[in-house]
Amino acid sequence: TAIAQEWEVGGWLGASGYIGDLNPENPVKFTDPAASIFVRYAYSEFSGLKLAFTYGHVRADDADSPYEQHRLRNLNFHSNILELGLTYEYYFQRYVMGSRKHRFTPYTFVGISGFYFEPETEFNGQTYLLRKLNTEGQGTSAPGAKKAYGNINMAIPFGIGIKYNFASNFNIGLELGYRNTFTDYLDDVSGKYADKTLLATERGSMSSDLSDRSGEVNNGLYVGETGALRGDPSRRDFYMFTGVTFSYTFTPIKCPDLKLMR
């Protein structure tokens with residue numbers, strides 16, 4: 001007898017990636033491992049809610065860009081991603097535990113999440129936290145300077161997946177999800193080049209050095225003129241996950257009808 005799904009716990013293993021100023025076009029560029037654990041409540045055969053904690057790592061390097069102007073810019077970053085998200089899932093087919101006919105479905109999801117990030121880079125064998133260096137002049141006395149950005153932000157998760165009840169209460173599946181963030185600083189690149197003299201004075205020499213790294217690949221000639229575009233401020237950054245899911249469903253224990261036992 002088919003029993004409707006209730007609570008489900010599980011996780012997935014897969015990969016993470018990023019879309020932004022250092023990877024503006026490739027939506028399937030997954031670069032690093034990722035993992036997640038989740039609890040899901042399916043309140044009908046066609047929909048459910050999932051609460052998940054996910055870890056991933058993202059990175060990009062202008063040196064890998066197909067565009068010469070990006071290779072000349074010569075910026076790079078990497079960052080851990082820690083995310084807590086709540087999503088609504090819609091199943092395109094009935095999904096019923098214990099049913100031979102309704103044991104598979106594709107689904108889509110959308111929701112809200114909060115995440116932690118901290119862009120870093122390497123320079124002369126040392127790792128530096130880019131956010132604290134204010135490489136685009138955030139928080140300085142420069143005219144029109146933006147406020148320094150934080151490392152906790154919000155995102156809109158959305159994506160697709162498939163799931164299959166392959167044995168008893170066990171499920172397996174695939175999932176692909178994107179996160180539209182509310183920040184353009186996931187990669188520490190967004191707006192314009194700051195005045196490097198001002199950066200050196202107010203934020204230190206390392207801030208100035210890492211704000212414009214074009215000279216490292218251009219025979220010491222730097223192209224980052226004050227006020228010139230360093231990134232694309234009109235587009236917010238994305239990150240994404242994909243993976244193989246595995247879960248266990250707790251089916252409810254139904255009490256016998258005492259009237260039928262008399």
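## Overall build

A residue counts as buried when its relative accessible area is under 20%. In this predicted model, 45% of the 262 residues of the chain are buried by that cut-off.

The chain holds four helices and 12 strands. Its radius of gyration is 24 Å, whereas a compact globule of 262 residues would have one near 18 Å. The C-alpha atoms fill a box of roughly 90 × 35 × 30 Å along the principal axes. Take the contacts between residues at least 6 apart in sequence: 74% of them join residues at least 24 apart.

## Surface and charge

The charged side chains number 26 positive and 29 negative. The centres of these two sets are 12 Å apart.

## The largest nonpolar core

The largest nonpolar core has 23 residues. Those with the most contacts inside it are Tyr18, Leu22, Phe77, Ile81, Phe115, Leu186 and Tyr239. Several elements each supply at least two residues of this core: strands E2 (7–19), E4 (47–61), E5 (76–91), E7 (104–117) and E12 (238–250), along with helix H3 (205–211).

Leaving aside neighbours within four places in sequence, Phe77 is in contact with Tyr18, Leu22, Val58, Arg59, Ala60, Pro119, Glu120, Leu130, Leu186 and Asp187.

Gly177 is found in strand E11 (residues 170–181). Its relative accessible area is 1%, so Gly177 is buried.

Residues up to four places away in sequence aside, Gly177 touches Phe109, Phe158, Gly159, Tyr239, Met240 and Phe241. Met240 is 63 residues from Gly177 along the chain, yet their C-alpha atoms are separated by 5.6 Å.

## Two positive phi angles

Most residues other than glycine have a negative phi. Ser168 has a positive phi of about 45°. Ser168 is found in the loop between strand E10 (152–167) and E11. Ser168 counts as exposed because its relative accessible area is 57%, and the cut-off for exposed is over 50%.

Asn219 also has a positive phi, near 55°. Asn219 is found in the loop between H3 and E12. With a relative accessible area of 81%, Asn219 is exposed.

Definitions and conventions: Residues numbered from 1 in each chain as written. Predicted model: local features only at pLDDT ≥ 70, side-chain atom pairs only at ≥ 80, totals over all residues. Heavy atoms only, no water. Core = buried A, V, L, I, M, F, W, Y, C linked by side-chain atoms within 4.5 Å. Buried < 20%, exposed > 50% of the residue type's maximum accessible area, 1.4 Å probe, protein only. Contact = heavy atoms within 4.5 Å. Rg over C-alpha atoms; globule rule 2.2 N^0.38 Å. Lys, Arg positive; Asp, Glu negative; His and termini not counted. Charge placed at Lys NZ, Arg CZ, Asp CG, Glu CD.
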